[in-house]
Every structure is written in C-alpha cells, then in structure tokens.
Amino acid sequence: ESGEFGPTGFVMAFEENGKPVSPWHDIPLEAGGGLYNMLTEIPRMTDKMMEMATKVENNPIMQDEKKGKARLYHGPIYWNYGCLPQTWEDPNVKGSEQVGGAFGDNDPLDVVEIGARALAMGSVTPVKVLGCLSMLDDGELDWKVIVIAQGDVHFDEINDIGDIEKCYPGTPTPLRLGASTPSPTLPTPGRTGTVSGIREWFRWYKTPDGKPINAFGHGERALGAAEAKAVVAETHRHYLALLAGEAEPGKLWIK
C-alpha cells in the first residue's frame, strides 16, 4: 500500500516474489472444486468506493474519484463487493432481449458476497456462485453475481439463489438516501430479503448524486446458480478474446 487511505492518492498494488502482478490478469478465475476466486475491493459495512483500476499498469486497487475528489457511498454497503479476475463485460457485445440489447460495461464481472464476515480489501477468497442480477447502469449491462465465501458459517447450506433467505433473511438496515431524493419505502431490518435488498441498494445508490435509478433486466428476476455460472463463463471467453487481440482494448491495461 502507498498513500493515505481515503484520499485519491491511495494505491494498493500487488506483488509475488517481489515482482509486480495484476490481480485482474494473474489471479486465476477458478479456485477448484467448482469455486471461483473473488478479489475484494470494498469490505462490507464500509463506504469508500474502491476499485481495481483496469486502465492503470498492473491494475492496482485505487479509490474511484470524480473531479479529483474521492467518491464515497452515501451509506455503507451491506455486503462484501469485488470482482472476478479474468472476466470482462465486452462493450462491443450486444446483450439479449432480456436485457434490452444493452452492451457490456467494459469492466470485470462484479460480485456481491453475502456472508457474515467482512473480507479484507485486496484479499482473494474462494466463493460459490449462487445467482446474479442483470443491472442496467446508464444503459450498460453491469452484472451483479451473488456469491458466498468458502468458510462462511452457512456455506454448505446455501447452494442456489433460493437458499439464501433461509439463512440470511434480510438486509442489516434500511437503505437511507439523501433527503431531497425520492426514496423507496423499505421495511425494517430483517424484513427486506437479502436478494431484494441487493437489488434495491444498487437501484437507488446513485440517486443522492442526482443520477437516475438503475434498472434491471430479466423482469428484475434474480437468475439462479446455473445461469450465473453461464454468465461467468461468457465473460471469461470475452476476456480471453481481449488478451488474444480479438477485441479492442481501448485504454485498458492488459499484459
């Protein structure tokens, strides 16, 4: 790590045996046993918008910024948030009618980990894919894959999207938005299902900045584990095509 955590100058770079490595390109997607490697960018119950910088050499984790200022969520995110290495949502590939033909958002695949413990920023954790939501952010397809970390107390009990509410039946607190923002009426803690809580959090989280709400494809339905794994496989193929020079990288840093 270098720089002070919080301002925009903070950088978390990655090394192996003293040599720089990229968490996007050098960490394998698959962790074995049907699990995938998740790179944690934002630990649960924190508000700093950290992200793996896809356009910076070796892809360190840095704080997202706007007009030179560090970006913060307007309230903490309730889950661990990160990405899957060696995946890419190709902005040149048009999605299905289920997502309104939206193109990919030019980023690795986002993951939301629902477990009970906070995962450290920069950590790599084997996770089980449970399902996904097809979020549409400013017209771009921005998948949110829902996972659970290996070692979680409920890891063996939760295997698909329909198993989540039995063990994690609600978000920890209602979503709070800016006073001037039209906000959804969310129930009290424990009554907003985890999956619907994820959907509503990502629907509304940009509105305090004056941006419109995000939409969702597939009739807002959360897809199950099998469909989510197909999304992972597809974005991994797009990533391999990117490395092979079969897709235009633009400003992305690739090895």
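Tutor: In the second largest pocket, the lining residues divide into 6 nonpolar, 5 polar and 4 charged. Here Ala, Val, Leu, Ile, Met, Phe, Trp, Tyr, Cys and Pro count as nonpolar, Asp, Glu, Lys and Arg as charged, and the others, Gly among them, as polar. The model is predicted, so local features require pLDDT of at least 70 and side-chain atom pairs pLDDT 80 or more, while totals for chains, interfaces and linings use all residues. Residues are numbered from 1 along each chain as its sequence is written, and side-chain values use heavy atoms, with hydrogens and water left out.

Student: What volume does the second largest pocket have, and which residues are closest to its centre?

Tutor: Rolling a probe the size of a water molecule over the atoms shows where empty space is left. On a 1 Å grid over the protein atoms alone, a pocket is an open set of points with protein on both sides within 12 Å along at least five of seven lines, a cavity is a set where a 1.4 Å probe fits but cannot get out, and lining residues have an atom within 4 Å of a point. Grid points are joined across faces, edges and corners, and a volume is the space filled by probe spheres set on the points. For the second largest pocket that volume is about 200 Å³. Of its 15 lining residues, Gly95, Leu141, Trp143, Glu234 and His238 are the closest to the centre. Helix 3 gives the most to this lining, with 3 residues.

Student: How does the lining of the largest pocket divide?

Tutor: The largest pocket has a volume of about 880 Å³. Among the 32 residues that line it, Glu51, Asp64, Arg71, Asp105 and Asp107 are the closest to its centre. Its lining divides into 13 nonpolar, 3 polar and 16 charged residues. At least two lining residues come from each of strand 5, strand 7 (50-52), strand 8 (61-63), strand 12 and strand 16.

Student: How many cavities of 30 Å³ or more does the structure hold?

Tutor: There are 2 of them. The second largest cavity contains about 40 Å³ of space. Its lining consists of Met49, Arg71, Leu72, Tyr73, His74, Tyr205, Lys206 and Asp209.

Student: How many helices and strands does the chain have?

Tutor: Helices (H or I, at least four residues) and strands (E, at least two) are DSSP runs, numbered from the N terminus. The chain comes to 3 helices and 17 strands.

Student: What span should helix 3 have?

Tutor: The expected span of a helix is 1.5 Å times one less than its number of residues. The 19 residues of helix 3 (residues 225-243) should therefore span 27 Å, which agrees with the 27 Å between its end C-alpha atoms. After helix 3 comes glycine 245, whose phi is positive, near 80°.

Student: Which residues of helix 3 are buried?

Tutor: Buried means under 20% relative accessible area, exposed over 50%, and partly exposed in between (1.4 Å probe, protein chains only). An α-helix has 3.6 residues a turn, so residues three or four places apart point the same way. In helix 3 the buried residues are Ala225, Ala228, Val231, Val232, Thr235, His238, Tyr239, Ala241 and Leu242. They pack against strand 5 (35-42), strand 12 (80-84), strand 14 (109-113), strand 15 (124-137) and strand 16 (140-149).

Student: Why is helix 2 described as largely enclosed?

Tutor: Helix 2 is largely enclosed by the rest of the structure because 10 of its 11 residues are buried.

Student: Which residues have the most contacts inside the largest nonpolar core?

Tutor: A nonpolar core is a set of buried Ala, Val, Leu, Ile, Met, Phe, Trp, Tyr and Cys residues joined through side-chain atoms within 4.5 Å. The largest has 44 residues, and Ile114, Ile164 and Phe202 have the most contacts inside it. Helix 2 (residues 194-204) gives the most to this core, with 4 residues. A second, separate core of 22 residues includes Leu29, Ala102, Cys132 and Leu223.

Student: Is histidine 218 buried or exposed?

Tutor: Histidine 218 counts as buried because its relative accessibility is 14%. Histidine 218 is found in the loop between strand 17 (215-216) and helix 3. Contact means heavy atoms within 4.5 Å; not counting residues up to four places away in sequence, histidine 218 touches Gln98, Val99, Ser134, Trp143 and Leu223. Histidine 218 and glutamine 98 are 120 residues apart in sequence, yet 5.0 Å apart in space, C-alpha to C-alpha.
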